Structure formats: C-alpha cells, structure tokens
Amino acid sequence: MATTSKVNGTAGSGIPENVPPVSCPLADEPTEIASNISFHAKYSPHFSPFKFEPEQAYFSTAESVRDRLIQQWNETYLHYHKTDPKQTYYLSMEYLQGRALTNAIGNLEIQGAYADALNKLGHDLEEIVEQEKDAALGNGGLGRLASCFLDSMATLNLPAWGYGLRYRYGLFKQRITKDGQEELAEDWLEKFSPWEIVRHDVTFPIRFFGHVEVHPSGSRKWVGGELVQALAYDVPIPGYKTKNTNSLRLWEAKACAEDFNLFQFNDGQYESAGQLHSRAQQICAVLYPGDATESGKLLRLKQQFFLCSASLQDIIFRFKERKDGKGSWQWSDFPSKVAVQLNDTHPTLAIPELMRLLMDEEGLGWDEAWDVTTRTVAYTNHTVLPEALEKWSQAVMWKLLPRHMEIIEEIDKRFMAVVHTSRTDLESKLPSMRILDNNPQKPVVRMANLCVVSSHTVNGVAQLHSDILKSELFADYVSIWPKKFQNKTNGITPRRWLRFCSPELSSIITKWLKTDQWVTNLDLLAGLCKFADNEDLQNEWASAKMANKQRLAQYIFRVTGESIDPNSLFDIQVKRIHEYKRQLLNILGVIYRYKKLKGMSPEERRKTTPRTVMIGGKAFATYTNAKRIVKLVNDVGDVVNTDPEVNDYLK
C-alpha cells in the first residue's frame, strides 16, 4: 500500500502539507497565493519533485506572479488592438532591467501578500528575491535609461513596446582576481528565465549578404545571401498601480531544420552540416562582441540589422493587423499610428530598412516612403564626443547590406542637393555634414549624420548635453532645422530606486507628506522642505539611513569578508569604468587621503571623518586602460584595508 512520505510536517515535495497545490492565478490573499506557488512547484515543475529550496521556491513564485501579469498583459494587448492608438516602439541594443520579482510585486501592490505567502511555505521573501539572476541584456546608462522608460511608459498608461536582443551570455560576468578583472560568460539563461514567453507564431526572415536585382519596371529586390529567422520572446512590463502591462520583445536568431545538412552530418562533416545554425547562434550570443577583427565588425553590424529588421517587420505587421477589417487606409497614416525611437545610433539601420520595406515589399515610391520614414523615426543622442560617434566601413556595409547602402547613398545625394539649392552658405561644411565620408583611405558611413538627416526629432539626455549638441556637434544642422532639436533629461524610476529598494525611507516620506502619490510624482517631494528643521523628521531620516548602511555593511562582510563601519561616511561611485568617468581621479584621491592619514599623529587622525570608499563597475573586455584602473582600485584596497594604523579612518 502506497504511503505519502512526511518530512518535518511536509509532503514529500518539501512544501508544508497544510498548503494544498491549487491553481489561483489571480490570488490576492496570502493563503491562496501560497497554494498557487505550491501548484506551480507541483504542476509546472523544473526540478526533481522532492525539493523546495530557495531556488525552486523562486521559480515557482515568479511563475505565480507571472499568472497575474499574463492576465493584465492579454487585456492590455486586446485593448490596444481594439482602440488602435498611436504606439511608441523603443529600439535599443541594451536594457539594464535589474531583478523582475521585486519590481513586479511592488508595481502590482502585492508585496506584503507574497511575503506572507512565502512565510507559510517556510521561506523569506528577501531570501527568495536573492535567487534571481539579473537579465544580462545591458551594460551602462544607455541600457538603464531604456528600462526606466519602459517602466515609466507602462505606469503612465502609454501604449509602448521595447525591442531588443536576447543575449544568451550578456556582456560578461566580472570576477576580480589578483590580476584585476576577469571576464566570464553570464549564466542568466543557464536554467531559464521565468519572465519570458516565447511566441512561436512570431518569426520573421532576416537576410544578410546577397545582391540587388533590378526588374524591368525599375523596381529593386534584395535576394540571395544568408537567411536566418528572428523568433520573439516577450517579457511583461507592469505599470505601477495600473492594469497596463506593456511588452519588452526580445529577438533570438535561429536557423530552420531544413538548413541543417543531414547528408554532410552523416558523412562526418559535423561542423559544415550545422554551419548556418552556428552562425545564427552567434548573433545573439554576446552584447557588444569585440570588433577589432573583420569578423567582429560583421557580427556587430549583423546584430544591429537583425534588431532593426525584425522589429520593423513586426511593427508593420501589427499596423496592418490593427487596420484589418476597419475600412480603407493609406501608408501616409503610418506615422500617425507608429513612433519609432532610436536609443543612440545602434538602431540607425531602421531608417534604410524601413525605406526598403516600404519601397521593395510594399511598392511605395521614394518620395512617399521618405515622407513616412521621416515622420516616424526619432533619435536620442548619448554622446558629444566626436570620436565616440558610430561610423561603419562602407566596404563592410556593401558586403553585408547591399540594398541598404544603395538607399543610404540616395539619402546622402538628396541631402546634398537640398543644401546646394537652398543653403549655399553651408556648401563648405558639406564634407562633414554629409552621411558618406568618402575619404579614400577609410570610406565610412556616419550613423549619427544619417539619424539627424532622417529623423523628425533629435534629443539629448540632459539640458547641458542638448545645448552642446545644438551649439557644437550638430550646429550646422540646427541652422537648417531649428525645431528638430530638443532636450529630454534622463529620469530614473522612483519605484525601483526609492519605493522598493528603500522601504524605510519611503514610509517616512509617505508619513510626512501624508500621501504616497510622490511615487508617481516626484515634484511632491518638495513638500518635505517645510519640515527640514524638524528634529523628529531628521531623527527618523537618520535612522532609516543607518538601517540601510548596516544592511550594506552586512552584505559587504558576507561577500568580501571585509568589515566596515556603518558610522563612517560612505563614498560610492558605481558606473562603467572609463577614463572620462573619473574613477582614476577618485582612486588617486584615496591614495592622497591614505598618505595624509599615514603622516598624522593618532590625535590628528581622531579629528578626521572616517570614510569607506566603494568603487564598482565593469571595464570593457578589450579596454586596456579601464582594466588597469580596476586593478589599481583593488591593489589600493589591498594596501589600505590591511593597514591597522588607518583602518578606523579609511577603508
């Protein structure tokens, strides 16, 4: 006779017996939520049935939250399909999403209920949250801006989708050794991501190489070359206190079964047999692969085009799908329904690709296609350093994207004609303003120039930055199109970066403002000014800050073995390691401070403010000077942190 094994009052699964596995996808109550988590552990299993350790609990919890998100997601999709509003499509090579679980339960306002539910299952929410691996889709500020925009647009109930690539190994996982930084492949997809949903019905063909056929009618068609498939994976982006749930659609590159050469494989030619599969997998393997070699440059350009082509084919498909059965429509309606925002120059190829799709696939003439494209596309610039602006070798572009180079040549030719006829005063500036730099030593395509010429709006990401764009970098274009340039200051989401990551401080703010509406309107924080001298507020504020500092000190001790004083001044700089970002200046300041402390008497040291300096960030794998800065920071740490004379004053 079969019996149920019992382990510490649990069924054999490791889940308490008093929590039955029952599907409750929209549960609000902790008891029902616990049952839904238990249901996923039992009926959506990814592990052996006898375990319910933190890792297993995390995946089941994420799937339980995802149930709720899917309901809102489907309702959002249906609503926008019916109402057919103008929709923003944000194209970015990077998204620095951060962990999704805290954000989702926070935005859905079910944080407390999930904490209670996990307690019933013998787990602690904070421990479960720690099990999640960051989605390895981004690198720096550009990727974090993209993710903040997605959160903000969802919260504002705006119809907006993000498009990106599903990088299997990300940029890299950083390991610090005695030699400095070591790069390892990210393992965020080693098991799977519970937040993404593969859409097997959403695939588009993406072509590389090949040649252009000219038909007797004069129309042109890009044919031949290499064809891979773009497959969509969707990640839900919930808004705060709203049902609106938008999508981040990530593309994966695949080859078809028919591209696998069975004859070659059975003949022992294993690598040749799966050549196209292997090349397809390379496209989404790594964020920013090294581009010092010809093959590295080709791969980066493939990535950029893959993102642009898949996204635009999808956008056009959705535009037509929403028009289906709703009477007649014209392509001139497209810009009143579609806004494409380019996050930096990485997605610039969206411009010639949209032109190609409209002319070669949809049969529009140049003038109509150009009118649609220039009213659809807008461009966000991220740098004023001329050497950092993207330029692609014309030879590489002709090889990989021959039809797009024809279109870029035509855009360049027509732009120069406009300047010749209407702005003769700018003719001397044309060599630097035009899109193609035909320098015989190194002919290139200037991607930023292509963006400025082809977009209806260009923005910088801070007032000073935008002013420099107008007065220096793009000054000549401003004289042609003064209304094209504007500013959009980078914001951050107060949900992730204050409400959820510092609950103690959040409740103090809410208590003193007598409202939590500051979470979606940061201007309300100005209301705290009138309490600035209030001792009660100051004490509460200081205790919340101290609680966070103690938590960080405990984390640092757990991870590094280094004990730090929570009462010391925390001096923190976390961003990409780069020569212009001043980490070198920072660490030289630490060396100076250390030497000054060493020269002081014990009495003099006691009068100084103890300080803990923390520097974090990744140096790009091939950026030698940045990696030397990483090594220097760690070497200075080794000296300072083992010196008992100064350790009470500097870590």
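1. Two strands count as paired here if DSSP finds at least two bridges between them. On that basis, this predicted model has an open sheet of nine strands, in the order β7-β10-β11-β4-β3-β12-β13-β17-β18, with mixed pairing. β7 (197-208) and β18 (485-487) are the edge strands; each has a single partner, so one side of each lacks a neighbour in the sheet. From one strand to the next, the twist averages 25°.

2. Worth a look inside the sheet: β3 (residues 87-91) and β12 (residues 338-343) run parallel and are joined by five bridges. Y89 has V340 as its bridge partner in β12. Helix α13 (residues 366-376) packs on the sheet, where it touches β12 and β13 (377-380), and its direction makes about 40° with that of β13.

3. On to the domains. The assignment gives domain 1 as 14-83 + 99-133, domain 2 as 84-98 + 134-487, and domain 3 as 568-650. Between domain 1 and domain 2, the C-alpha centres are 35 Å apart. Their contact takes 30 residues from domain 1 and 37 residues from domain 2.

4. How much area do domain 1 and domain 2 bury between them? About 2900 Å², with 56% of it on carbon and sulfur atoms. On the domain 1 side, W73, Y80 and K133 supply 29% of the buried area, more than any other three residues.

5. For polar terms, the rule finds three salt bridges across this interface of domain 1 and domain 2, plus 19 residue pairs in polar contact. Helices α2 (54-83) and α3 (100-107) each supply at least two residues of the domain 1 side that touches domain 2; the largest share, 18 residues, comes from α2.

How values were computed. Residues are numbered from 1 along each chain as its sequence is written. This is a predicted model: local features need pLDDT of at least 70, side-chain atom pairs count only at pLDDT 80 or more; totals for chains, interfaces and linings use all residues. Side-chain values use heavy atoms; hydrogens and water are left out. Helices (H or I, at least four residues) and strands (E, at least two) are DSSP runs, numbered from the N terminus. Axes are lines fitted to C-alpha atoms, for helices over the stretch in contact, and angles run from 0 to 180 degrees between N-to-C directions. Contact means heavy atoms within 4.5 Å. Domain bounds come from an automatic or database domain assignment. Buried area is the accessible area (1.4 Å probe) that two parts lose on being put together, summed over both. A salt bridge is a side-chain nitrogen of Lys or Arg within 4 Å of a carboxyl oxygen of Asp or Glu. A polar contact is a pair of N or O atoms within 3.5 Å; within protein, one must be able to donate a hydrogen and the other to accept it, and residues adjacent in sequence count only if both atoms are side-chain atoms.
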